[in-house]
Amino acid sequence: MKNNPSLKGLLIAVVAFIVAFGIYFLFLAKKNFYVVDNPTPNTFYYKINNGSEGTIAGGQTVPVDLNKGKNSIKVFDQNKKLLFDSAFEVNKIRGLINIAHQDYYINDQYYGYNLKKDSLLLALDKTVIDGKVYYGGARRFNKLFTDDFYYNVDEDYDKLIKNIQQVESRSKIFRKQDYLNYYKEYYKF
């Protein structure tokens, strides 16, 4: 076969393309999943869409399979007594089932060039938690299901920001105590 520089260049480009996508999907791609979360010390049993029974201990987060559209869940206490039987709608690619109907907070963290974090916080809404005012506009959530966030309870905000030329935000759902800890550590007032 004759030495063809165009063919060599094409092959090198195809191999580099495949390697780049492999690295992205293995190490950088964000996994999308649904979780059942239990911030209480109690143990619960549950059945999603009349499937097999699952168990969630106190303080545990368990990934589950959900279908887009209508889903149902039956929740039982530690004595296997039915607590509730409910339905919910799944629209997005990640979500959280609040099995104990506890308080969660969905917080937006802003990224960008020349971002003045303290003045931005003061301009956003205030949230009152246990009689104390918190700046930043975190939204309280205590219903059965939400998919209105980007990072789940068991994920951290990105450490590396891809585009810092514009101000962007990412939302994360926190358990109540985790949000209070995050607020104390991240915001210095």
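Colleague: Which residue in S7 is the bridge partner of Asp-37?
Modeller: This is a predicted model, in which local features need pLDDT of at least 70, side-chain atom pairs count only at pLDDT 80 or more, and totals for chains, interfaces and linings use all residues. Residues are numbered from 1 along each chain as its sequence is written, and side-chain values use heavy atoms, without hydrogens and water. Strand S1 covers residues 34-37 and strand S7 residues 95-98 (strands are DSSP runs of E, at least two residues, numbered from the N terminus). The partner of Asp-37 in S7 is Asn-98.

Colleague: In which sense do strand S1 and strand S7 pair, and over how many bridges?
Modeller: Two strands count as paired if DSSP finds at least two bridges between them. For S1 and S7, the pairing is in the parallel sense, and the number of bridges is four.

Colleague: Which strands stand at the edges of the open sheet with mixed pairing?
Modeller: This open sheet has four strands in the order S4-S1-S7-S12, with mixed pairing. Each edge strand has a single partner strand, so one side of it is left without a neighbour in the sheet. The edge strands are S4 (61-64) and S12 (145-146).

Colleague: What is the strand order of the open sheet with antiparallel pairing, and which strands stand at its edges?
Modeller: Four strands form this open sheet, in the order S3-S2-S5-S6. An edge strand here has a single partner strand, so one of its sides lacks a neighbour in the sheet. The two strands in that position are S3 (53-56) and S6 (82-90).

Colleague: How many bridges join strand S2 to S3?
Modeller: Strand S2 spans residues 44-48 and runs antiparallel to S3. Within this pair of strands, Phe-44 stands opposite Ile-56 in S3. The number of bridges joining S2 to S3 is four.

Colleague: How many salt bridges does the structure hold?
Modeller: Side chains of opposite charge can pair when their charged atoms come close. A salt bridge here requires a side-chain nitrogen of Lys or Arg within 4 Å of a carboxyl oxygen of Asp or Glu. The number in the structure is seven.

Colleague: How far apart are the closest N and O atoms of Lys-70 and Glu-89, and how many residues apart in sequence are the parts they tie together?
Modeller: Lys-70 forms a salt bridge with Glu-89, with the closest N and O atoms 3.7 Å apart. Lys-70 lies in strand S5 (residues 69-76) and Glu-89 in strand S6, so the pair ties together parts whose separation in sequence is 19 residues.
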